[in-house]
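Subject: Structure handover

Hello,

Here is the structure I promised to pass on. Please open it first, then read the notes below it.

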Amino acid sequence: MIQNIEAMMGPEPEDMGFIKNAFWGRFRGDLVFPYPQEGEEERERCDALLEELEEYLETEHPRVEIDQEQYIPDWVIDRLFDMGVMGMIIPKEYGGLGLGVTSYNRVLELIGRYCASTAVMVSAHQSIGCKALVMFGTEEQKEKYLPMVAQEKLSAFCLSEPNVGSDAAAQESFSVKTDDGDYVLNGEKKWSTSGAMSGLFTVMCKNMVPNPDTGELEQKGVNALIVTPDMEGVEIFENNRAKTGIRGTWQARFRFNDVRVPKENVLHEEGSGLKVALSCLNYGRCTLSAGVTGAAKAAKEQGIKWAQTRYQFERPLADFELVQQKIARMSAVTYAMDAMLYMMTGLLDRGEKDIMVETAITKVFCSEFGWKVIDEAMQIMGGEGYMTEHELERAWRDNRIHSIVEGSNEVMQSFIFAYGGKQLAEKMVSIQEALLWDTDESVGENLTRILTAATTPAVLKKALPMGAQLFLGLKPGAPEVQGVHPALQEQADTLARLIQKHSHYFKLVSKWEREDVVKHQAQQARVANNAIYLFALTSSLSKMDDQLRSGEFGPEFERDRAAFEYLFEWFDRKIHRNFGEMRDNADESMREAAEAARAHSDTLPNKEFYIHEGSPLGRDAGKQPPHEHIPQFDGEGDDPRKADREPGETYDLDVDEVVDEMSEPVDRGDGAPEESTPTPDRDDA
């Protein structure tokens, strides 16, 4: 995974970000203090938009209808365009508002309080749908397309495929360059939010080029192509599917059949498309976090009010300590979610380069704890919380998706572990390769290498402190967290000690697990979770420092102060529990239990279960999902899943066959544009 990222994004930034430094036991206070703030003019512009938007959301927005009818009405989308919401991130010169990342996320948080479907649609349009064009487009591309997506039409991002989810590098769609420099695009995409209603698609596909020696086509990176629905061969054969939550959003399924894409529509550079994709996902992970943060704050407030006013046993629910525990935890994690989200957006607004680990952390923390807050609020409300009319169950359904999308949390945990500790791990491996016995070498080769390394000052300078730490338990001192408000020194000292121990235990886990650490994801998750908690504590410390220096007071501040103090005590214990489980855990019996369960599963007939369409077993290996009572959202054209294909294929097009056909003359008419396929009437879906 890390090799793929480096191939896509290039080498790591020379200046390590906050979390990478924490893996080394360092505290980069200059990155997180003071707490980031927008400029006064920017904040005033955003405040004005928020005021108008909140009035609309409170009095006009059909949030219940959107969920029940499974669509967002056209008039809602038009209204959001008119307010400028759909063009927030697009520069003013192209018809947008030109707002920064922090302002954009403030708006997404507000929308998330009311309607997750709308928040996801707005986010998908700007964070990934047209963000690539804003970040990587040429001036000509921007002038041609940005005014349209700022003021008129939605945009969609086409990355996922039947066999491509978290493994973004495993594209099967492909493009081949023609003699005149254009590209012919073939393949299939799924999960493209708003694709059926969009006027612009950013499509990721393999870049296939001929080998100069053999003439055979080989993949050279991934292309990011601008595609529009009026291009011949673009086929949306499924407009949407019925879902548990975010039911108003539509996820389209595309098929590209010999789509000729002009050379002017390549984003960034040929073969560098996944850099485009991953750069956009950094922003998407923040806006996803903003939506769930808004929903979690609303759920927390509703849950506490219910606990205060619902009486049982002649007293309010809030008098019972287990309910108080839920209230405290909801308050603590929503404080941390807010602090982390706007720390992250501040880093992005500031243009920090090394932020991929932090955006992954923000996504995992907000998606996991945000949904837990909503779940706790439902528990407090009991049976009434489960009722549709109180709207909490909709938030509960809507926000469950966020730990799955934009990189599943399990994949993100492995990424945080591997990418966060990569440079430190490389140092440890270099010492090991220099000084430890290698069974693949002869006795003479081992002795020569080890003696040479042992008499080299540069090697010893690295090896001796590491050896003292790993084998004698002599840890480096804790970093200093300087410059915080005096009232916060206790928390600052706690954070410093936790960072020291985090670095130590990362090294110990690497020593204990050695090569097995690559496959032992339970250990990776413990280290990653501690890194996540450390960033939550750091962000919260910086935010509380800012609140104290700003002279905040009153009930809202006292709530925040108490939530902050509880967060530190609670997460301090969670981190130490993880330290303990890194050494003493039930992982071995867990693996045995999983293996036994898998072996039993192999004895059960596949026909009795749902099997993924991309499975090597074939699309028809499992039972067929029922459709008769589930709304269908078919598009136009043939569904390639009904074609006779080999197992695992997502399309029935052969790369070499396509290249052969490209050499044949094609009648492309007189060059006049054809009418685009009309958008399906969603009211009749």
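**A partly exposed histidine**

H268 is partly exposed, with a relative accessible area of 31%. (Buried means under 20% relative accessible area, exposed means over 50%, and partly exposed is in between, with a 1.4 Å probe and protein chains only.) H268 sits in the loop between β7 and α11 (273-309). Its phi is positive, about 65 degrees, although H268 is not a glycine.

**What you are looking at**

This is a predicted model, in which local features need pLDDT of at least 70, side-chain atom pairs count only at pLDDT 80 or more, and totals for chains, interfaces and linings use all residues. Residues are numbered from 1 along each chain as its sequence is written, and side-chain values use heavy atoms, with hydrogens and water left out.

The chain has 23 helices and ten strands. Helices (H or I, at least four residues) and strands (E, at least two) are DSSP runs, numbered from the N terminus. Of the 685 residues in the chain, 54% are buried. Take the contacts between residues at least 6 apart in sequence: 76% of them join residues at least 24 apart. Contact means heavy atoms within 4.5 Å.

**Other loop residues**

E314 also has a positive phi of about 65 degrees, and E314 is not a glycine. It lies in the loop between β8 (311-312) and β9. Is E314 buried or exposed? It counts as exposed, at 79% relative accessibility.

D319 is in the loop between β9 (315-316) and α12 (321-350). D319 is partly exposed, with a relative accessible area of 41%. Q308 is eleven residues from D319 along the chain, and their C-alpha atoms are separated by 8.2 Å.

P34 belongs to the loop between α3 (29-32) and α4. The peptide bond that joins F33 and P34 is cis, with omega about -10 degrees.

Strand β4 covers residues 198-210. Twelve of its 13 residues are buried, so β4 is largely enclosed by the rest of the structure. Two strands pair if DSSP finds at least two bridges between them.

- F157 stands opposite T202.
- V176 stands opposite M208.
- V203 has L225 as its bridge partner.

β4 and β5 form a hairpin with six residues between the strands. There, G215 takes a positive phi near 80 degrees.

**Strand β6**

Strand β6 (residues 234-241) has eight residues, six of them buried, so β6 is largely enclosed by the rest of the structure. It pairs with β7 (residues 251-261) in the antiparallel sense, over four bridges. I236 has F254 in β7 as its bridge partner. β6 also runs antiparallel to β10 (residues 632-634), with three bridges. There, E238 is the bridge partner of D634.

**Two helix pairs**

Two packed helices are described by the angle between their axes and the distance between the axes. Axes are lines fitted to C-alpha atoms, for helices over the stretch in contact, and angles run from 0 to 180 degrees between N-to-C directions.

Start with α4 (residues 40-59) and α7 (residues 101-114). They pack at about 15 degrees, with axes 10 Å apart. α4 and α7 are therefore roughly parallel to each other. (Angles under 35 degrees count as roughly parallel, over 145 as roughly antiparallel, 65 to 115 as roughly perpendicular and the rest as oblique.) Residues of α4 in this contact include C46, L49, L50 and L53. Those of α7 include V107, L110 and I111. The contact divides into nine nonpolar, one polar and six charged residues. (Ala, Val, Leu, Ile, Met, Phe, Trp, Tyr, Cys and Pro count as nonpolar, Asp, Glu, Lys and Arg as charged, and the others, Gly among them, as polar.)

Now α19 (residues 489-513) and α21 (residues 555-583). Their angle is about 15 degrees and their axes are 11 Å apart. α19 and α21 are therefore roughly parallel to each other. Y505 and W512 are among the α19 residues in this contact, and F564 and F568 are among those of α21. The contact divides into ten nonpolar, four polar and four charged residues.

Best wishes
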